[in-house]
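Hello,

Here is the structure I said I would pass on. Please look through it first, then read the notes below.

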Amino acid sequence: MPELLKCRRCRWIGSQAELRSVPDPKKTYLSHNVCPRCGCKSFSDAKEQKNG
Ligand SMILES: [Zn+2]
């Protein structure tokens, strides 16, 4: 079962494979996985949901 991530900004939920990879502006050999909807880098675990 793939791990689901939830974007902290726009609340997009998806798997790590759905994230968009963007190069670091300073170190182009690095890349970051960001939200495909808003480009935010902060995610929380979507499985941590409260009941109700
Ligand atoms: Zn987002």
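K6 stands opposite S44 in β5. Two strands count as paired if DSSP finds at least two bridges between them.

This is a predicted model, in which local features need pLDDT of at least 70 and side-chain atom pairs count only at pLDDT 80 or more, while totals for chains, interfaces and linings use all residues. Residues are numbered from 1 along each chain as its sequence is written.

The sheet

Three bridges join β1 (residues 4-7) to β5, and these two strands run antiparallel. L5 also has a place in this pairing, standing opposite D45 in β5. β1 and β2 pair over three bridges as well, again in the antiparallel sense.

In β1, L5 and C7 are on the covered face, and L4 and K6 are on the uncovered one.

Residues in the strands

Is C7 buried or exposed? C7 counts as buried because it has 22 C-beta neighbours inside 10 Å. The cut-offs are these: a residue is buried if 20 or more other C-beta atoms lie within 10 Å of its own, exposed if 12 or fewer, and partly exposed in between, with C-beta atoms placed from the backbone. Leaving aside neighbours within four places in sequence, C7 is in contact with W12, C35, R37, C38, C40 and F43. Two residues are in contact if their C-beta atoms, placed from the backbone, lie within 7 Å. C7 and G39 are 32 residues apart along the chain, and their C-alpha atoms are separated by 9.2 Å.

S44 lies in strand β5. S44 is partly exposed, because 13 other C-beta atoms lie within 10 Å. Not counting residues up to four places away in sequence, S44 touches K6 and R8. S44 and I13 are 31 residues apart in sequence, and from C-alpha to C-alpha they are 9.5 Å apart in space.

Residues in the loops

Which residue takes a positive phi in the hairpin of β1 and β2? The residue is R11, with a phi near 65°, and the hairpin has five residues between the strands. Most residues other than glycine have a negative phi, and most peptide bonds are trans. R11 is exposed, because 12 other C-beta atoms lie within 10 Å.

D24 is found in the loop between β3 (20-23) and β4 (31-34). D24 is exposed as well, with 10 other C-beta atoms within 10 Å. Not counting residues up to four places away in sequence, D24 touches L30, S31 and H32.

The chain as a whole

How many helices and strands are there in the chain? There are zero helices and five strands, and along the sequence the pattern reads β-β-β-β-β. Buried residues make up 8% of the 52 residues in the chain. Of the contacts between residues at least 6 apart in sequence, 45% join residues at least 24 apart.

Regards

Terms used:
Helix = DSSP H or I, 4+ residues; strand = E, 2+ residues; numbered from the N terminus.
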